[in-house]
Amino acid sequence: MSEYLDPTAPVAVPRKTARRPSSLDGLVVTLLDISKAKGDHLLDRIEELLRERARPKAIVRKKKPTFARPAPEPLRAEIVGGTGVLIEALAD
Amino acid sequence: MSLADPGLDADAIEELYARGVTDGLPVVPPTRGRVERTIAASGRGPDELIGLVPPNYGRATVEKIAVNAVMAGCRPEYLPVVLAAVEAVCDDAFDLHGVSATTNAPAPLVIVNGPLRGELDINCGAGVFGSGWRANATIGRALRLVCVNVGGARPGEVSMSTLAHPGRYTYCIGEREEASPWESLAVEHGFAPGDSTVAVLAADAPLGVYDQRSRTPEDLLATLAASLAVVAHHKMTHWGDTLLVLSPEHVRIPGDAGWTKAEVRRWLWERLQRPVRELLPGRDGGEGLPEHVLRKFPDPARDDSPIAKFRSPDNIKILVAGGTAGRFSAIVPGWTFSKGSALVFRPIRTP
């Protein structure tokens with residue numbers, strides 16, 4: 001029997017999806033604009049609906065410098081440290 | 001880690017396809033013997049880390065890259081080129097995270113300069129973007145397999161390109177330095193003529209430019225500028241690195257007239273400027289200058305201020321390639337938004 005080598009690699013930092021809350025009440029919600037055209041239109045509407053339908057503690061708006069790259073580390077740290085829920089808008 | 005499965009011995013090609021580790025074409029089964037011979041030819045240690053491959057940041061060791069190179073059909077002596085290409089795409093300046101995940105279409109184009117082109121029979125001449133040369137076919141393919149198997153760029157899962165293009169099977173060319181009146185792309189970027197290098201460009205498919213009648217630099221460059229103007233969108237501005245591949249017959253026109261490469265770049269860059277009033281969204285298409293730029297002009301519909309297609313003349317990268325017959329060139333549009341990907345070089349280390 002031949003021995004074959006695996007072409008895949010384990011990821012450097014394994015990631016898992018965060019737990020989803022059952023309610024937005026009392027949570028800080030961050031709306032992240034990824035800097036794509038009209039992303040702000042979508043987030044404006046989501047913010048309106050959140051204010052109508054939920055009772056978050058606060059709604060915070062953030063923006064990535066460019067959609068073409070991951071969010072910079074300081075921005076990620078700011079979001080992780082200060083928010084309960086993140087909504088990211090792709091738009092176009 | 002080894003793959004142990006009776007299915008592999010029964011039909012390794014089918015089993016590897018079923019495991020989702022191919023590009024859809026049959027691969028060479030990566031037996032330990034083949035991989036070890038490939039690693040040995042590079043003179044590097046199997047555990048040496050070449051880079052963390054976005055977006056999953058999988059560990060690309062020499063061995064892991066060699067496994068993918070074997071699967072792609074590489075001869076062992078190609079591995080140093082593949083290692084350099086992997087190192088280049090893992091440079092933050094290349095933004096492989098964006099390149100692999102975007103809904104746009106880019107694929108890393110590998111450009112080889114220097115003496116190794118001849119030693120490895122990397123095609124720089126007739127049909128340079130086409131099929132028929134093992135080195136071009138398999139070096140580009142190996143890089144794609146590394147992006148998928150180590151970086152996690154699986155099409156339709158993480159790699160969400162709406163259309164992509166055939167360069168995602170393989171995309172590798174050499175510069176035909178011997179047919180150029182100018183310094184090579186690598187020498188222009190600080191390398192010595194005796195160095196062998198790779199450059200990687202996040203690139204759309206090549207766009208052919210036909211011009212069989214121009215005989216002066218001004219005529220030919222006007223043709224090329226008009227085709228460069230539509231890169232990404234005819235009203236896209238502030239664009240970054242994009243490659244102009246001049247055929248030997250085309251490059252002789254500015255070369256024989258004594259133009260330098262820098263002069264050609266400058267001419268094209270100046271020609272590729274349009275007034276604000278022609279770049280408004282909704283005029284000749286919904287795209288146009290973004291709102292934050294338009295706000296700088298009190299009356300954009302009447303403003304003649306010139307806006308450049310490319311951020312600087314240096315973003316127009318020029319090399320010579322292709323067959324000696326034919327007045328055809330090609331534009332390879334970069335996926336090079338502001339703050340996005342850029343052309344990245346790496347020297348090729350041979351044992």
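These legends accompany close-up views of a predicted model.

**View 1. The neighbours of B:Val82.** Which residues does B:Val82 touch, not counting residues up to four places away in sequence? Look for B:Ile65, B:Ala69 and B:Cys74, along with B:Ile139, B:Ala142 and B:Leu143.

**View 2. The helices and strands of chain A.** You can trace two helices and four strands in chain A. Starting from the N terminus, their order is β-β-α-β-α-β. Of the contacts in chain A with a separation of 6 or more, 78% join residues 24 or more positions apart.

**View 3. The overall dimensions of chain A.** The C-alpha trace of chain A spans about 65 × 30 × 25 Å along its principal axes. Its radius of gyration is 18 Å, whereas a compact globule of 92 residues would have one near 12 Å. Buried residues account for 17% of the 92 residues in chain A.

**View 4. Confidence along chain A.** Chain A has a mean pLDDT of 89, with 95% of its residues at 70 or more. Where in chain A is confidence lowest, and where is it highest? Strand 4 (residues 85-89) is lowest, at a mean of 89, and strand 2 (residues 28-33) is highest, at 96.

How values were computed: Residues numbered from 1 in each chain as written. Chains lettered and ligands numbered in written order. Predicted model: local features only at pLDDT ≥ 70, side-chain atom pairs only at ≥ 80, totals over all residues. Contact = placed C-beta atoms within 7 Å. pLDDT = per-residue confidence, 0-100. Rg over C-alpha atoms; globule rule 2.2 N^0.38 Å. Buried ≥ 20, exposed ≤ 12 C-beta atoms within 10 Å, placed from the backbone.
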